[in-house]
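Work through the exercises below with the sequence and the model at hand. Each task is followed by a solution in steps.

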Amino acid sequence: MKRPADQERVYVEAALETYNSLPGTPDRPSRQDRRLARDLCRQGVPLRTVRTALLLATARRTLRSGPPLPPVRTLHYFLPVIEEVLGQPPEPGYAEYLAAKLKTFAS
């Protein structure tokens, strides 16, 4: 059985791995990113919600028309979309659809 500290570490690493794997995000998380991921875990925000929000916001930025937006510099950028997904979760399978769409843009 995993201890809470182990669960938190797994959550934080998974959230940051998703964040850093997306197009337009840093290659490595900052201390502030790590702290926010830990806070999200402690607040009980499901990891699936965080992942879905990261994918949704990145898809909105990447797949929109118009000139490219500047890179995202912090995980905090995604907080409004995390709140949105908490309040109105997308249909099942939508996160996987977005991940597949974004795969061609990942570095």
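A contact here means heavy atoms within 4.5 Å. The model is predicted.

**Exercise 1.** Among contacts in the chain between residues at least 6 apart in sequence, determine what percentage join residues at least 24 apart.

Solution. Take the contacts between residues at least 6 apart in sequence; 77% of these join residues at least 24 apart.

**Exercise 2.** Describe the elements of the chain and judge its radius of gyration against the globule rule.

Solution. Step one: the chain has five helices and zero strands, in the order α-α-α-α-α from the N terminus on. Along the principal axes, the C-alpha atoms fill a box of roughly 45 × 30 × 20 Å.

**Exercise 3.** Is N20 buried or exposed, and which residues does N20 touch?

Solution. Step one: locate N20 in helix α1, which covers residues 4-21. Step two: the relative accessibility of N20 is 15%. Step three: buried means under 20%, so N20 counts as buried. Step four: leaving out residues up to four places away in sequence, N20 touches T25, P26, D27, R28 and P29.

**Exercise 4.** State what share of the chain counts as buried and what share of the accessible surface belongs to carbon and sulfur atoms.

Solution. Of the 107 residues, 36% count as buried. The accessible surface comes to about 7100 Å², and carbon and sulfur atoms hold 53% of that surface.

Conventions:
Residues are numbered from 1 along each chain as its sequence is written. This is a predicted model: local features need pLDDT of at least 70, side-chain atom pairs count only at pLDDT 80 or more; totals for chains, interfaces and linings use all residues. Side-chain values use heavy atoms; hydrogens and water are left out. Helices (H or I, at least four residues) and strands (E, at least two) are DSSP runs, numbered from the N terminus. Buried means under 20% relative accessible area, exposed over 50%, partly exposed in between (1.4 Å probe, protein chains only). The radius of gyration is taken over C-alpha atoms; the globule rule is 2.2 Å times the number of residues to the power 0.38. Accessible areas come from the Shrake-Rupley method with a 1.4 Å probe; for residues, only the protein chains shown count as cover.
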